Amino acid sequence: MKIVFATNNTHKLSEIKEILGEGFEVVSLADINCHEDIPETGTTLEENARIKSNYVVTNYHLDCFADDTGLEVEALGGEPGVYSARYDETTDHDSEANMCKLLRKLGDNTNRKACFRTVISLMINGKEHQFEGIVEGNIAFEKSGSNGFGYDPIFIPKGYDKSFAELGEGIKNQISHRAKAVQKLAAYLKKL
């Protein structure tokens, strides 16, 4: 089955392809010659995922899924949440600046509880289906590890003592928020 994943993020694309496995030909926005920067104007992860998947269906007439992910930190009232990629407003999608701002705002706070949440919006046969994945964990006091992307160097999933960036893709792709949402997506697609 061929399906568009509304992203040009190569990290996300390879992660999704590995999780979905054989039987799915996942193509990116660039693969369908979509070079527009689809605006994420929603105030929730659900809205942003829907905006992106709907954009592809409306403009390219192809079945599509899109995701939006947020890191929600308890002590910060759920920040950065839907604004995770743009948390440091002085930059655009700068992971280093976003992590630094988050660690600075948390300071010495001992409540480090957080979760990563991914919402996938699948637009297929004219209907939308949403799938959610959540992984609980804690924010480290400092960055560690060089694998992964985004907040991976400071997020320690529950049940582990290493960050996503230290655990490596193999483990991350089995336990992550995105993995959980994609597994639900894959289960649905395999029934079609």
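How exposed is Glu40, in terms of relative accessible area? In this predicted model, Glu40 is partly exposed, at a relative accessible area of 26%. The legends below place this residue and other charged side chains in their structural context.

**View 1. Salt bridge between Glu40 and Lys52.** The closest N and O atoms of Glu40 and Lys52 are 3.5 Å apart. Glu40 belongs to the loop between strand S2 (25-27) and helix H2 (45-60), whereas Lys52 belongs to helix H2, so the pair ties together parts that are twelve residues apart in sequence. The two partners can be described by their accessibility: Glu40 is partly exposed, while Lys52 is buried, with a relative accessible area of 6%.

**View 2. Salt bridge between Lys12 and Asp67.** The side chains of Lys12 and Asp67 meet at an N to O distance of 3.2 Å. This pair links distant parts of the chain, with Lys12 in helix H1 (residues 10-20) and Asp67 in strand S3 (residues 64-73), 55 residues apart. Lys12 and Asp67 are both buried.

**View 3. Salt bridge between Glu89 and Lys101.** Here the closest N and O atoms are separated by 2.8 Å. Glu89 is located in the loop between strand S4 (80-81) and helix H3 (95-106), and Lys101 in helix H3; the pair links distant parts of the chain, twelve residues apart. Glu89 is exposed, with a relative accessible area of 61%. Lys101, by contrast, counts as buried, at 13% relative accessibility.

View 4. For the structure, the count of salt bridges comes to 14. Side chains of opposite charge can pair when their charged atoms come close.

**View 5. The cysteines Cys100 and Cys115.** Cys100 is partly exposed, its relative accessible area being 34%. Cys115 counts as buried, at 11% relative accessibility. A disulfide is a covalent bond between the sulfur atoms of two cysteines. A search of the whole structure finds zero disulfides.

Definitions and conventions. Residues numbered from 1 in each chain as written. Predicted model: local features only at pLDDT ≥ 70, side-chain atom pairs only at ≥ 80, totals over all residues. Heavy atoms only, no water. Salt bridge = Lys/Arg side-chain N within 4 Å of Asp/Glu carboxyl O. Helix = DSSP H or I, 4+ residues; strand = E, 2+ residues; numbered from the N terminus. Buried < 20%, exposed > 50% of the residue type's maximum accessible area, 1.4 Å probe, protein only. Disulfide = S-S within 2.5 Å.
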